Amino acid sequence: MAPLLACTGLGLAYRGRPVLDGLDLALDPGEILALLGPNGAGKTTLMRLVAGRLVPGAGTVRVSGRDPCTEADARRRVGWVPQEIALWPRLSVAENLGVFASLAGLPRRGRRGAVAAMLALADIEAVGASLVGQLSGGYQRRVNIAAGLIGQPPLVLLDEPTQGVDRAARAAIHAMLRRLRRAGTAILVATHDFAEAERLADRVAFLRGGRIVREGPLAALLAGLAAGPPERELVLAEIPDAAAERALRRAGFAPDAELAWRETGPGRDDGAGPAQRLDGAALLGRLRAEGVPVSEVRVRAPGLEALYRDALETRARAAPALEPAR
Amino acid sequence: MIGAAFRVMALTLLRDRAALVMAFVLPTVIFAIFAAIFSGAVGDRIRIHLGLADLAGTPATARLVSALAADTSLRVTRLPADLAAATEAVRAGEVDVALVLRGDLAAAPSGASAPDHPVVLVENPAKALATPIALGQLQRVLNEALPDVVLSRIVADVERTGKIGPDERAFLDEAFAEQRAKKEPFSFSALVERQSTATAVGNARVSYYAGAIAAVFLLFAAMQGALSLVEERESGLADRLSAGPGGLGVIVVGKFLFLTLQGVVQAGLIFGAAALLHGVTIGPHWPAFLLTCGLVSAMAAGLALAACAAAATRQQAHLFATFGVLLLSAVGGSMVPRFLMPPWLQQAGWFTPNAWAIEAFQGALGEGSAVPAWGVLAALALAGLGAALALVARRPA
C-alpha cells in the first residue's frame, strides 16, 4: 500500500543555494515522525513543500497519491501548523476555529460540531469564548494546533509545536498528539526538543544540509549506535579557575555550559601517561583533590542527544555540509 | 470560504471600537469640515475681509463706503483715515486687502498723463487671490450702487475731448441725479443675467464636495482595511491560509467584498450628511447613486488590496496609504477643485481614481452622464482585484 506521504528525490534551491537535496521520506497513517536537525537544515522548507506552499525544484511530493502544489484535494488532506501563532487575535478561540473550519471546506452544518470536537480534543473548552490575543502562550499554541486539525486532515505538519510553552502546556499538547495518533492521523513534527521527540516519535529523521542523514525507529537507531559507556556530565559549584580547568581537561571533560562539563574522551594520569577512564568514585576523588569544585556527577545511557551528535555533529566535522538557506 | 474571510474582517472591525468610530463616524465629520472649507473657498460665498479707509470724506465716498459695508459678500472693517495705517493693517493680517478712498469719486478726472487715482488698493502678496476679488466686487458695487458717479466720470472723459460742452454735461449730470433719486436702475448695471447648470438646488456644488470627500475617504479606509493582508503575511497567517484548499485568493475576494460594502455604507453616510446639512437631493437618483457608491467603493477596495499585496513590508503599505492617497487626492480634485489647477495638472487628474469618482457622483445626481465614469471605475476595481489576486497567488520558490 502506498504511504500517506511520499517525498521522492525532493530538491529545492534558493538563489542558487541548495536547501533540500534529493530527500526521500515516507509516512504512514497513525505514525509520528520527528524531524531533527540544526537551524537551516531544511525542516521548515520540507514542511512548506509538503503543504503545497512551495513548488519543488526536483522530485515529487505526494499526499495520498496527489500533488499538494496543484491539487486542492491534496492540500485539504494536510493540516499545517506553522511555528508562528497564525491566528486572528481579535477573534475568539471558537470564532477562529469556525473560520478555519470554513476555509477547510467543512459544510456549514458540520462546523459547529467540528469546533466543539476540536475544543474538546485540545482541552481548550474553558477558553472557547476568549479572544485569542488575550490568551497565554500555552493556550495560543494549543489553539494554533487545533486550527490545523479542524478539517480532520489525515496528515498533520507541526513546526516546533511546543516552542516557548511551560511544562503543563507541553504535556497537554503531547497528550493531544497521542490522541491524534491513536485516531490514525500521521504526524510530521519538526523540533529541537530531544525529550519531546523521544516521548512522541515512532521514528526520527536527522536532517542536515538538505538531506536525511539517518532515519528510523529510535530504538533501532540507538541499537546501531557504536556501543559505548554511559555519558557523564559534571555539575560544578562555581566557575573553575585555570588550574581546575586544566584538571578537568586532563580527566577528559570539555565545557558544555558555564557550570556543566561533558565527558568527551578518556583522561590521562599526567601529561605523559596512558589514556584511561576512571570510575565515578575515583574520578570524583581525583578532581576534588585537584581543587575542582564538583557538586554532582550525572550518568545517563546514550539517547537521542548522543544519536544527534553522532549523526550530525561527528559527520559535520568529518565532511562540511552544504550551507542551506531557509 | 469567501464568507469566512468576510466574517473575519467584520468581527475584527466590530471588536476595535476606535476603528469602528473612524470607519463610520469620521466620514460625516470630515465631510462637514471639508464642505465648509470648500464652500468658502470656491463657492459663491467667498467673503474676503476688506479694510476701508475714507480719507476723502466726500458724499460719493460715503455712499461707496455704505454700499460696500452693506454688501453681504464682503466682511468690511473701517480703518483709520490714514494710508500708512491701512497698509499696516494689511501687513499685520487684520484685513485681507484694504481700499483707501483718498479722492472724490465724482470729481472730474484731471486728464494728466499720470492720473491721480481716487482709490488705492493695498494688497498682501501672500493673499493674492483677495486682490482680483476686491477689484471685482468694487466694480460691481460701483455699477450697482453708484452708477451716476461712474457715468459722470465717463461723461467727463467725453467732455474733455470737446464733443460735448459744459451745458450738455450739466444736463446729463442732472438726468443721472434724477434717475438716482427715483431709484431706477441704470441699464448697464443689469447687463448680466446668471444662469446655472444645476438641475437642483444645492446638488451641483455640494455633490462635488461630497464626491471629493467620499473618494479620498474611501481610499484611506480601504487602505486601512487592506493592511490586514500585510499583517496576516507578517504573522504567518497568510502562509497558512495560502496552503489551504482555497488558497489566499478566497481571502482576498472576501476582503474585497467586505471593503466594498463598508465603502457603500461610508459613502451613504457622507451623502446622508450632505442631504441633511446642505439639501442635496438623492431620492430621485437613488439607483444611479447606489451604483456609483458600489463602484467607487469597489475601485477603492481593489486598488487598496493591490497596493497592500504588492507592498513587501508594513512600512511600504503605510507610505502608500498616506502619501499615495494624498497625492492621488490632490491631483484628482479631492482637495482643491481641478478647475483651479494649471491645465496640465487638470489633464493629469484624469489618471487618478478620485477624478472619476467625483465625475460619477456628480453624474449620478443628475449633473451630467455618469456612464463613462462608471466604466472607468469598474475597470479600475477589476484591475485592482485582479492584480491583488495575481500578487498573492505568487508562490515563493
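Chain B has a radius of gyration of 29 Å, whereas a compact globule of 397 residues would have one near 21 Å; the radius is taken over C-alpha atoms, and the globule rule is 2.2 Å times the number of residues to the power 0.38. The model is predicted: local features need pLDDT of at least 70, side-chain atom pairs count only at pLDDT 80 or more, and totals for chains, interfaces and linings use all residues. Residues are numbered from 1 along each chain as its sequence is written, while chains are lettered from A and ligands numbered from 1 in the order in which they are written.

The C-alpha trace of chain B spans about 100 × 45 × 35 Å along its principal axes. The C-alpha centres of its domains 1 and 2 lie 50 Å apart; the bounds tabulated here come from an automatic or database domain assignment.

| Domain of chain B | Residues |
|---|---|
| Domain 1 | 2-41 + 202-393 |
| Domain 2 | 46-190 |

Chain B contains 16 helices and four strands, which are DSSP runs (helices H or I, at least four residues; strands E, at least two) numbered from the N terminus. Of the contacts in chain B with a separation of 6 or more, 77% join residues 24 or more positions apart; a contact requires C-beta atoms, placed from the backbone, within 7 Å.

Between the chains, 21 residues of chain A are in contact with 23 residues of chain B. On the side of chain A that touches chain B, helices H2 (72-76) and H3 (93-103) of chain A each give two or more residues, and H3(A) gives the most, with four.

Notes
Two residues are in contact if their C-beta atoms, placed from the backbone, lie within 7 Å.
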